[in-house]
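Work through the exercises below with the model in view. Try each task before reading its solution.

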Amino acid sequence: MQTEKIVVITGASRGIGAAAAKLFAQKGYGVCINFVRDDVAAQQLKNEILQYTSKCITVQADVSKAAEVQRLFDTVDIKLGPLSVLVNNVGILKNQCRLDEMDEQRFSQVLHTNVMSCFLCSKQAVKRMSSKYGGVGGSIVNVSSGAAKSGSPNEYVDYAASKGAIDTLTKGLALEVAAEGVRVNAVRPGLIHTDIHALGGEPNRIDRLKSKIPMLRGGKATEVAEAIYWLASDKSSFVTGSFIDTTGGL
Ligand code: NAD
């Protein structure tokens with residue numbers, strides 16, 4: 001009989017995903033670290049995590065592609081066992097600019113990576129967790145963004161729109177599977193200290209904006225991980241289709 005719960009975290013080799021992977025391991029979960037490129041970072045994280053749990057694997061997969069997502073979840077079935085939690089953490093953004101300066105390729109890539117990954121991984125998770133398919137239930141936590149509400153004008157409206165889509169997917173899927181033992185929720189981080197800001201061309205973005213945050217500081221990846229973990233855990237057993245803003249009041 002399975003005693004250890006199993007979590008898949010997408011894009012987990014660094015940032016918020018890595019912080020979540022460590023926290024789930026400390027709570028006794030078996031952890032699948034998905035990564036797309038940085039196998040050295042994924043392996044280092046795995047070595048760290050093996051202090052806390054005997055079950056940890058790394059799986060390289062571009063989760064915006066259906067065949068790679070299928071391989072990711074099939075690997076988890078074989079190597080870790082039945083899935084309990086999915087954290088849809090993958091998200092990308094591009095250089096800050098106005099919408100009228102963006103090209104189609106960028107818009108398409110950001111939407112495709114951020115939304116398709118969430119859709120494809122959630123589909124695989126539901127097929128494993130839902131009582132409709134013989135599963136014992138589970139929890140999906142999506143990593144949205146405060147950008148879903150702010151729209152990120154003059155920075156990345158494309159990214160903000162992708163996060164808006166994730167909020168809608170969270171709500172709709174939560175209602176579809178609520179009676180099948182699967183809960184679906186999301187966190188909306190604000191300005192969090194990770195390397196994602198360098199992708200937008202401004203590594204020190206939080207320094208520029210922190211005076212606008214009511215708590216006057218950026219957040220830590222570990223602070224978002226705690227919210228993700230709570231939504232995934234049985235402590236939130238009557239919560240579905242809900243959102244936690246981890247924004248310092250912004
Ligand atoms: P990050 O760039 O450190 O992490 C994102 C990870 O996703 C990276 O490891 C990247 O390699 C991976 N990834 C990208 N495309 C992938 C793909 N196709 N397949 C597999 N992995 C892929 O950034 P982060 O700040 O840790 O972001 C984590 C999540 O939090 C993202 O969804 C991001 O949009 C969201 N978020 C972050 C902030 C912030 O201020 N840091 C704010 C709001 C929301």
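Two exercises with solutions follow, after a note on the model.

This is a predicted model, in which local features need pLDDT of at least 70, side-chain atom pairs count only at pLDDT 80 or more, and totals for chains, interfaces and linings use all residues. Residues are numbered from 1 along each chain as its sequence is written, and side-chain values use heavy atoms, with hydrogens and water left out.

**Exercise 1.** Find how the axes of helix H1 and helix H2 cross, and which residues make the contact.

Solution.
- Step 1: H1 spans residues 15-26 and H2 residues 39-49; helices are DSSP runs (H or I, at least four residues), numbered from the N terminus.
- Step 2: Their axes come within 10 Å and cross at roughly 20 degrees. Axes are lines fitted to C-alpha atoms, for helices over the stretch in contact, and angles run from 0 to 180 degrees between N-to-C directions.
- Step 3: H1 and H2 are therefore roughly parallel (angles under 35 degrees).
- Step 4: Ala 18, Ala 21, Lys 22 and Ala 25 of H1 meet Leu 45, Glu 48 and Ile 49 of H2 (contact means heavy atoms within 4.5 Å).

**Exercise 2.** Decide whether Ser 117 is buried or exposed, and list its contacts beyond its neighbours within four places in sequence.

Solution.
- Step 1: Ser 117 lies in helix H4, residues 104-129.
- Step 2: Its relative accessible area is 3%, so Ser 117 is buried (under 20% relative accessible area; exposed is over 50%, with a 1.4 Å probe and protein chains only).
- Step 3: With those neighbours set aside, Ser 117 touches Val 63, Ser 64, Asn 88, Val 90 and His 112.

How values were computed
Helices (H or I, at least four residues) and strands (E, at least two) are DSSP runs, numbered from the N terminus. Angles under 35 degrees count as roughly parallel, over 145 as roughly antiparallel, 65 to 115 as roughly perpendicular and the rest as oblique.
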